[in-house]
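Biologist: I am new to this structure. Please show it to me, and then I will ask how each label was reached.

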Amino acid sequence: MASVDIGALRSSGVWVEKSRGVCVVAGDPILRDGRERLNADRSLDLTHIFDQLDRREIEVLGRASGTFAGVVYDVQNHQVSIFTDKVGVRQVFVFVSDEYV
């Protein structure tokens, strides 16, 4: 997985916990609970997104606003989730070969 972060936002767009997996986003998926922002820190949002997608609770992405795209890799289950904002402003490109995705 490759990610380039130009530092435009306050925190990194990468969350890694080696025993569980990785979550990488471009942009800022702002999670909301009603009208209020759920977390003031993007890294907390990434942790929350990973936890929800790990449980296959994709509704978390429906509560996100902003422009974003991301990838979650679950180490334990060897599963990849690829997602984008509701209108697909940030694109995701996938390359598949015999050895890599």
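Modeller: Helices (H or I, at least four residues) and strands (E, at least two) are DSSP runs, numbered from the N terminus. Read along the sequence, the chain gives β-β-β-β-α-α-β-β-β, with two helices and seven strands. This is a predicted model, in which local features need pLDDT of at least 70, side-chain atom pairs count only at pLDDT 80 or more, and totals for chains, interfaces and linings use all residues. Residues are numbered from 1 along each chain as its sequence is written, and side-chain values use heavy atoms, with hydrogens and water left out.

Biologist: What makes Val 24 buried or exposed?

Modeller: Buried means under 20% relative accessible area, exposed over 50%, and partly exposed in between (1.4 Å probe, protein chains only). Val 24 has a relative accessible area of 12%, so Val 24 is buried.

Biologist: How much of the chain is buried?

Modeller: Buried residues make up 32% of the 101 residues. The chain exposes about 6800 Å², with 54% supplied by carbon and sulfur atoms; accessible areas come from the Shrake-Rupley method with a 1.4 Å probe, and for residues only the protein chains shown count as cover.

Biologist: Which strands form the open sheet, and in what order?

Modeller: Two strands pair if DSSP finds at least two bridges between them. Four strands form the open sheet, in the order E1-E2-E6-E7 with antiparallel pairing. Strand E1 (14-17) and strand E7 (79-84) each have a single partner strand, so each stands at an edge with one side left without a neighbour in the sheet.

Biologist: How do you know that E2 and E6 are paired?

Modeller: Strand E2 (residues 21-27) and strand E6 (residues 68-74) are joined by seven bridges and run antiparallel. Opposite Ala 26 stands Ala 69 in E6, and Gly 27 has Phe 68 as its bridge partner in that strand.

Biologist: What joins E6 to E7?

Modeller: Six bridges join these antiparallel strands, and Val 71 stands opposite Ile 82 in E7. Their hairpin has four residues between the strands, and there His 78 takes a positive phi near 55 degrees.

Biologist: Why is E6 called mostly covered?

Modeller: Five of the seven residues of E6 are buried.

Biologist: What makes Trp 15 and Phe 50 a tilted pair?

Modeller: Rings of Phe, Tyr and Trp (its six-membered ring) pair if their centres lie within 6.5 Å; planes under 30 degrees apart count as stacked, over 60 as edge-to-face and the rest as tilted. By this rule there are two aromatic pairs. The ring centres of Trp 15 and Phe 50 are 4.7 Å apart and their planes are at 40 degrees, so this pair is tilted. It links distant parts of the chain, with Trp 15 in strand E1 and Phe 50 in helix H1, 35 residues apart. Both Trp 15 and Phe 50 are buried.

Biologist: Which aromatic pair is formed by Phe 68 and Phe 83: stacked, edge-to-face or tilted?

Modeller: Phe 68 and Phe 83 are tilted, with 6.3 Å centre to centre and 55 degrees between the planes. Phe 68 is in strand E6 and Phe 83 in strand E7, 15 residues apart, and both are buried.

Biologist: How does the span of H1 stand against the expected value?

Modeller: The expected span of a helix is 1.5 Å times one less than its number of residues. H1 has 13 residues and reaches 18 Å from its first C-alpha to its last, close to the 18 Å expected. Its buried residues include Leu 46, Ile 49, Phe 50 and Leu 53. After H1 comes Arg 56, with a positive phi near 60 degrees.
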